[in-house]
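Here is a short briefing for a first look at this structure. Keep the sequence and the 3D view open as you read.

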Amino acid sequence: MTADPVFRNARLVTMAGEGMGIIERGAVVVAGGRIVFAGAENDLPTGLAANEIIDCEGRIVTPGLIDCHTHLVFGGNRAREFEMRLDGAGYEEIARAGGGILSTVRATRAASEDELVASALPRLDALMSEGVTTVEIKSGYGLTVADEAKTLRAARRLGTLRSVSVLTTALGAHAVPPEFAGRSGDYIDHVIAEQLPALVAENLADAVDAFSEGIAFSPEEVDRLFTAARRMGLPVKLHADQLSNLHGAALAARHGALSADHLEYTDAEGAAAMARAGTVAVLLPGAFYFLREKQLPPISAFRAAGTRMALATDCNPGSSPLTSPLLTMNMAATLFRMTVRECLAGFTREAARALGKLGEVGTLEAGKWADLAIWSVESPAELVYRMGFNPLHQRIRRGQ
Ligand code: DI6
Ligand code: FE
């Protein structure tokens, strides 16, 4: 372990409070991997002689980015399906014909844990190269006890192979597997009775997720799953209202979910229910873009209700083969008209909140992990404005 650093001459974008918390000539002091001071250089505590001083040369320093919704671990890819969609096939049509998620299920089941790790690493590296220090990774392409466990073991291993914090989510209720075709209710029973207990026993799941949709699970099935998950002490989150309004946002809120995600078809009542429950709206402009959706998520209803908004890549092979948080922010601004402040909060403070980790990461404040991204830009807006350009200067995790 090298000496605890002090970052000086930085333009801090602390994201503390409600805005961006900008401190023009700022410094961050680290001890034991945690922030012990983040503020104006003039207020630096004295007696820091033993620390290594790092001159940021006026660069922007933000919290390390947090990608709070990914399906990073999967077998194969869906480039062929992409071509089929270019020839006119629809996403739901392909799914109903046994392609879509189920084709990735076949490839994921055929892959070994080592192969899953090897294929996910370049995607993880791409996220990290743009400043990501925390990533959530879902299962959901295995759909058997063994294959869901294999996926989440691969996800946990990624967090030991790279300097990044990995949070895992059990998404067994992502699609009805072929063994249960036409029996989605029986499959939910299986997830509750077999999958989740096995994953919990191996400490493989930090949360439980489900896909509530016509091509996936009904609100009643999700309700049953969430009731069971919460009894096991697991927080829940939901893929809700992505392709139609099944009132998933309100359902998630009723269960005190950490987040409800996608939300294109959510109505004002759903937005208000989420705000009251403290359920974060995780918006996924990559999937909106890639599926050429027309229905915009109700951003103004979220603003009016005070619903917290996070952003994520949703990195997955079918609806969002995206590994760039910077491009995701640009899409959120361009497609959803989210402000620079909302975009940055979406990948920092609000993403931390969506993972239940706001006490640990997501802002530059004393007591939190020293996870930072140092950018060669002059203003926060530049991080949202450019497309396909990566100005990351340095990524720091836990002070290193
Ligand atoms: N919604 C999505 O957009 C992804 N999963 C989900 O529930 C898509 C997953 C896939 O097409 O492989
Ligand atoms: Fe997703």
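A cavity is a set of grid points, computed over the protein atoms alone, where a 1.4 Å probe fits but cannot get out. A molecule sits in a cavity if more than half of its atoms lie within 2 Å of the cavity's grid points. In this structure, which is a predicted model, the largest cavity is the space taken by ligand 1.

**Ligand 1 and its surroundings**

- Which residues come nearest to ligand 1? There are 14 residues around the ligand, and R78, Y91, Y141, H174 and S319 come nearest.
- R78 places a polar side-chain atom 2.8 Å from an oxygen atom of ligand 1.
- Y141 also faces an oxygen atom of the ligand: an N or O atom in the Y141 side chain is 2.6 Å from it.
- Q242 meets a nitrogen atom of ligand 1 instead, with a polar side-chain atom at 3.0 Å.
- How much of ligand 1 does the protein cover? On its own, the ligand has 320 Å² of accessible area, and the protein covers 100% of that.

**Cysteines**

- How many disulfides does the model have? The count comes to zero, with a disulfide taken as a pair of cysteine sulfur atoms within 2.5 Å.
- C68 is buried, because its relative accessible area is 2% and buried means under 20%.
- C56 is buried as well, at 2% relative accessibility.

**Positive phi angles**

- Most residues other than glycine have a negative phi.
- H262 has a positive phi, near 85 degrees, and is not a glycine.
- Where does H262 lie? H262 is part of strand 11, which spans residues 259-262.
- H262 is buried, with a relative accessible area of 2%.
- L263 also has a positive phi, near 70 degrees, and is likewise a residue other than glycine.
- L263 belongs to the loop between strand 11 and helix 9, the helix of residues 268-277.
- Is L263 buried or exposed? L263 is buried, because its relative accessible area is 0%.

**A loop threonine**

- T307 sits in the loop that joins helix 11 (299-305) and strand 13 (309-311).
- T307 is buried, with a relative accessible area of 6%.
- What does the side chain of T307 reach? The T307 side chain comes to 2.9 Å from the backbone oxygen of A271.

**Two helix residues**

- L86 lies in helix 1, which covers residues 79-86.
- Is L86 buried or exposed? L86 is exposed, because its relative accessible area is 61% and the cut-off for exposed is over 50%.
- L86 and V29 are 57 residues apart in sequence, and their C-alpha atoms are 52 Å apart in space.
- F336 is placed in helix 12, residues 325-336.
- F336 counts as buried, at 5% relative accessibility.
- F336 and G131 are 205 residues apart along the chain, with 23 Å between their C-alpha atoms.

Definitions and conventions: Residues are numbered from 1 along each chain as its sequence is written. Chains are lettered from A and ligands numbered from 1 in the order in which they are written. This is a predicted model: local features need pLDDT of at least 70, side-chain atom pairs count only at pLDDT 80 or more; totals for chains, interfaces and linings use all residues. Side-chain values use heavy atoms; hydrogens and water are left out. Buried means under 20% relative accessible area, exposed over 50%, partly exposed in between (1.4 Å probe, protein chains only). Helices (H or I, at least four residues) and strands (E, at least two) are DSSP runs, numbered from the N terminus. A residue is near a molecule or strand if one of its heavy atoms lies within 4 Å of it. A polar contact is a pair of N or O atoms within 3.5 Å; within protein, one must be able to donate a hydrogen and the other to accept it, and residues adjacent in sequence count only if both atoms are side-chain atoms. Accessible areas come from the Shrake-Rupley method with a 1.4 Å probe; for residues, only the protein chains shown count as cover. On a 1 Å grid over the protein atoms alone, a cavity is a set of points where a 1.4 Å probe fits but cannot get out, and a pocket is an open set with protein on both sides within 12 Å along at least five of seven lines; lining residues have an atom within 4 Å of a point.
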